[in-house]
Amino acid sequence: MVMAALAGVASPVAAGEIPANARRSSYDLMSRESQAMQDDDDANPGMLWVLEGKALWRLKTGAADKACLDCHGEASISMRGVATRYPAFDGERQQALDLARRINLCRKEYQNATALPYESKELLALTTYVARQSRGLPIADPAADARLQPFIDAGRQTFNRRQGQLNLSCAQCHDDNWDKQLAGNPVTQGQVTGYPLYRLEWQGLGSLQRRMRNCMVGMRAEPFDYGASEFVDLELFMTWRSRGLAIETPAVRP
Amino acid sequence: MARALISVPAKAVRGEIIAIKALVSHHMETGFRHSTTGELIARDIITSFVCRYNGEEIFRADLFPATAANPFVAFYTRATESGTIVFEWTGDNGFSVTEQAAISVE
């Protein structure tokens, strides 16, 4: 593998993969002001979604008239560390699920409620609230679950595949040129430590899929639909790339 | 539905300068943008923020379309006596949110 990389031969393992000791969150690249905004829970606008999620956690809903709280108890205990293990493999469906999908399935199966639309305030709030409980904990290595390996591999292929009118792959920026600038902004490593996160450009909070759709539009490719299996595979691969880094949810990014 | 996050120290020494922070959820639609079909999206912003300490106004701000979504206001005041600090945001389309925090001054 190392030989192939040295020889510059295209291999399924990207030549420019970021070594573990060079991996870092884009938090480090932000201005001091943006960092301060993220660090202060009283100033971090993402905390508004956490607050909303906390209320939804306690809200009885659906035909079952149950709240998340009724099964899971206090999120600060039951949900601690959960986000470090997502996307996770679902044995029943034989597929990988991200946190938002897991929450929606829970709503359907146990609350008899309708699924929340992707990027809706409610789904983002619940996802952020759950992920917040893992803040500071290291992202687990998804490859530890062998059943996830095919999905990680599929995600790796999408990550390395050139697409769109600009004929770019994710890897060309985020593996090969992450230490350079694009139009005056840092390229970043694309580490998925802070999602869902508050983006100043969005004037709001959004999911990793929303961020990836932005990237795909930027490379003039047709973005995948929200919830598409390609996105979950990509999320898994990117989680694998970010393994060991601490969760920052809700992060703030410019 | 709007939510607000406020930060007021629970305790303070009389005469102490305290920091107060207030963050409110609002999309602050400027009124200058157009929808994908070309229609103007009506302005929907918070126009005013007022903070009262035991009924006395200690801070006021007018907000305008250039203010970012989820406006955050931070300021300082002198802790004079125990009581409540009330925060009030009002805006377009009957928007009104009130939050309060207790402070104990010794």
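Visitor: How are H6(A) and H7(A) set to each other, roughly parallel or roughly perpendicular?

Guide: This is a predicted model. Helix H6 (residues 99–110) and helix H7 (residues 121–132) of chain A pack at an angle of about 110°. An angle of 65 to 115 degrees counts as roughly perpendicular, and H6(A) and H7(A) are therefore roughly perpendicular to each other. Their axes lie 10 Å apart.

Visitor: And is the crossing left-handed or right-handed?

Guide: The crossing of H6(A) and H7(A) is right-handed.

Visitor: Which residues meet there?

Guide: From H6(A), A:Leu99, A:Ala100, A:Ile103 and A:Asn104 meet A:Leu123, A:Leu126, A:Thr127, A:Val130 and A:Ala131 of H7(A). By class, this contact has seven nonpolar residues, two polar ones and no charged ones.

Visitor: Next, H10(A): which residues are buried in it?

Guide: In H10 of chain A, residues 208–218, the buried residues are A:Leu208, A:Gln209, A:Arg210 and A:Met212. Their cover includes strand E6 (204–206) and helix H11 (229–241) of chain A. Just after H10(A), A:Arg220 takes a positive phi of about 55°.

Visitor: Turning to chain B, what is the strand order in the open sheet?

Guide: The order is E1-E3-E6 in chain B, with antiparallel pairing. Strands E1 (4–7) and E6 (72–78) of chain B stand at the edges with a single partner strand each, so one side of each has no neighbour in the sheet. On average, neighbouring strands are turned by 15° against each other, direction ignored.

Visitor: How many bridges join E1(B) to E3 of chain B?

Guide: Four bridges join E1(B) to E3, residues 17–24. B:Leu5 stands opposite B:Leu23 in E3(B).

Key
Residues are numbered from 1 along each chain as its sequence is written. Chains are lettered from A and ligands numbered from 1 in the order in which they are written. This is a predicted model: local features need pLDDT of at least 70, side-chain atom pairs count only at pLDDT 80 or more; totals for chains, interfaces and linings use all residues. Two strands pair if DSSP finds at least two bridges between them. Helices (H or I, at least four residues) and strands (E, at least two) are DSSP runs, numbered from the N terminus. Axes are lines fitted to C-alpha atoms, for helices over the stretch in contact, and angles run from 0 to 180 degrees between N-to-C directions. A residue is buried if 20 or more other C-beta atoms lie within 10 Å of its own, exposed if 12 or fewer, and partly exposed in between; C-beta atoms are placed from the backbone. Two residues are in contact if their C-beta atoms, placed from the backbone, lie within 7 Å. Angles under 35 degrees count as roughly parallel, over 145 as roughly antiparallel, 65 to 115 as roughly perpendicular and the rest as oblique. A crossing is left-handed if the near helix is turned anticlockwise from the far one by less than a right angle, and right-handed if clockwise. Ala, Val, Leu, Ile, Met, Phe, Trp, Tyr, Cys and Pro count as nonpolar, Asp, Glu, Lys and Arg as charged, and the others, Gly among them, as polar.
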